Amino acid sequence: MGLFDDVSLSETVRNLVREQYLGHKEILSDGWQTKSLECEMETVVLADDHISTGGEPRPHFTGEVRFYRGAGTPRDPSWEWLEFIAVYVDGRIIAVRNIPETTI
């Protein structure tokens, strides 16, 4: 498991996630996690025009942030793993991609 950062989505990013999501679960703003950044147990805010970590803006961030969460109750057959990638260039979000759950 290890360390991770909590992720909060701005309303704009939440709407972009909803557009990419093909399922039926509610897309929440909070409760997401990531290991894409420093993993210092900080709160990362993903917005359309910036990323902030622990309340500090990262205005020129370029890269991908993979974020994920479980939706529903784990023992319930309708439980679902939700995973997305937010792509940023110079601090601005340019895309959100759904990472479909794979069955092994």
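Started with Arg58, which comes out as partly exposed, with a relative accessible area of 24%. A reminder to myself is that this is a predicted model.

**Entry 1: the partner of Arg58**

I looked up what Arg58 pairs with, and found a salt bridge to Glu38, with 3.2 Å between the closest N and O atoms. This pair ties together distant parts of the chain, as Arg58 sits in the loop between β5 (56-57) and β6 and Glu38 in the loop between β2 (32-34) and β3, 20 residues apart. Glu38 also counts as partly exposed, at 43% relative accessibility.

**Entry 2: the other salt bridges**

How many salt bridges does a search of the whole structure find? I got 6. As a general point, side chains of opposite charge can pair when their charged atoms come close.

Next I checked Glu64 and Arg97, whose side chains meet in a salt bridge at 2.9 Å, N to O. Here too the pair links distant parts of the chain: Glu64 belongs to strand β6 and Arg97 to strand β8, 33 residues apart. I have Glu64 down as partly exposed at 43% relative accessibility, and Arg97 as partly exposed at 38%.

I then noted a network: salt bridges with shared partners join Glu11, Arg14, Arg18 and Glu26. One of its links is the salt bridge between the side chains of Arg14 and Glu11, at 3.6 Å, N to O. Why are these two about one helical turn apart? Because they are 3 residues apart in helix α1. In general, an α-helix has 3.6 residues a turn, so residues three or four places apart point the same way.

Is Arg14 buried or exposed? I read 14% relative accessibility, so Arg14 counts as buried, the cut-off being under 20%. Glu11, its salt-bridge partner, is partly exposed, with a relative accessible area of 42%.

**Entry 3: the buried side of α1**

Arg14 made me list the buried residues of α1, which are Val13, Arg14 and Val17. They span an arc of only 105 degrees around the axis, so they lie on the same side of α1. What do they pack against? I wrote down β1, β3, β6, β7 and β8.

**Entry 4: the core**

The largest nonpolar core has 21 residues, and the members touching the most others are Leu9, Val17, Trp32, Leu46, Phe67, Phe84 and Tyr88. I checked which elements supply at least two residues each, and these are β1 (5-9), α1 (11-20), β3 (43-46), β6 (63-71), β7 (80-89) and β8 (92-98). Which of them gives the most? It is β7, with 4 residues. The general background is that nonpolar side chains tend to be buried together in soluble globular proteins.

Leaving out residues up to four places away in sequence, Phe84 touches Val17, Gln20, Tyr21, Trp32, Val65, Arg66, Phe67, Val96, Arg97, Asn98 and Ile99. Arg97 in that list is the residue that forms the salt bridge with Glu64.

**Entry 5: Ser8**

Last stop was Ser8, which I located in strand β1. Ser8 counts as buried at 17% relative accessibility. Which side chain does Ser8 join through a polar contact? I found Asp30, at 2.7 Å. Not counting residues up to four places away in sequence, Ser8 touches Ser29, Asp30, Thr43, Val44, Val45 and Leu46. I had already noted Leu46 among the core residues that touch the most other members.

Note on methods. Residues numbered from 1 in each chain as written. Predicted model: local features only at pLDDT ≥ 70, side-chain atom pairs only at ≥ 80, totals over all residues. Heavy atoms only, no water. Core = buried A, V, L, I, M, F, W, Y, C linked by side-chain atoms within 4.5 Å. Buried < 20%, exposed > 50% of the residue type's maximum accessible area, 1.4 Å probe, protein only. Contact = heavy atoms within 4.5 Å. Arc of directions from axis to C-beta. Salt bridge = Lys/Arg side-chain N within 4 Å of Asp/Glu carboxyl O. Polar contact = N/O pair within 3.5 Å; in protein donor to acceptor, adjacent residues only side chain to side chain.
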